[in-house]
Amino acid sequence: MSESSKPLAKDDLTSTGTGTTTKSDIDLEVTCDNIKSESELLALYWKWISVFRPGRYNFQNNKFVDSENEKLFMERYEIFKKTTLKIYEHNKGGHSWTMGHNNFSDMTEDEFAKYVGGCKR
């Protein structure tokens, strides 16, 4: 597994430069408001990145440093979008438990299975 696709360690704190923020302080709840448009989904993804993948993508002047970096971002964003819609659909179904984003939200099911030592589905 490449370094970029490994989830973060289960450290519960992320430095923000202005202090320390716990993961629970960042609102990553999936609602009808943040899935209604591409820009809302992208904003949710950036919030998620700030918690679970800080420093993953290289930028200069608010642009990706290279096309590989941009390609990785778009691939992971597409997976994140599918995960977000899956969470939304599950949570509106009235189940006894709810789903939410975690450090695996930009991994495919196969990547997750490999990561936790399972077999491919």
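On the surface, Phe112, Tyr115 and Val116 form a nonpolar patch with about 260 Å² of accessible area together. Patches of this kind are made of residues with over 30% relative accessible area and no salt bridge, the nonpolar side chains (Val, Leu, Ile, Met, Phe, Trp, Tyr) being joined within 5 Å; a salt bridge is a side-chain nitrogen of Lys or Arg within 4 Å of a carboxyl oxygen of Asp or Glu. Accessible areas come from the Shrake-Rupley method with a 1.4 Å probe, and for residues only the protein chains shown count as cover. Phe112 lies in helix 3 (residues 109–115) and is partly exposed, because its relative accessible area is 34%, where buried means under 20%, exposed over 50%, and partly exposed in between.

The model is predicted: local features need pLDDT of at least 70, side-chain atom pairs count only at pLDDT 80 or more, and totals for chains, interfaces and linings use all residues. Residues are numbered from 1 along each chain as its sequence is written, and side-chain values use heavy atoms, with hydrogens and water left out.

The protein chain has 3 helices and 4 strands, which follow the pattern β-β-α-β-β-α-α along the sequence. Helices (H or I, at least four residues) and strands (E, at least two) are DSSP runs, numbered from the N terminus. Of the 121 residues, 32% count as buried.

The largest nonpolar core has 17 residues, of which Val30, Tyr45, Trp48, Ile49, Tyr57 and Phe73 touch the most other members. Helix 1 (38–52) and helix 2 (67–91) are the elements that give two or more residues to this core, and the largest share, 7 residues, comes from helix 1. Such a core is a set of buried Ala, Val, Leu, Ile, Met, Phe, Trp, Tyr and Cys residues joined through side-chain atoms within 4.5 Å.

Setting aside residues up to four places away in sequence, Tyr45 touches Tyr57, Phe73, Arg76, Tyr77, Phe80 and Asp106, a contact being heavy atoms within 4.5 Å. Ile87 is found in helix 2 and counts as buried because its relative accessibility is 2%.

The average pLDDT, the predictor's confidence in each residue from 0 to 100, is 79. Over residues 1–21 the pLDDT is below 50. Where pLDDT is low, the predicted coordinates should not be read in detail.

Key: Buried means under 20% relative accessible area, exposed over 50%, partly exposed in between (1.4 Å probe, protein chains only). Patches are made of residues with over 30% relative accessible area and no salt bridge: like charges are joined within 9 Å, nonpolar side chains (Val, Leu, Ile, Met, Phe, Trp, Tyr) within 5 Å.
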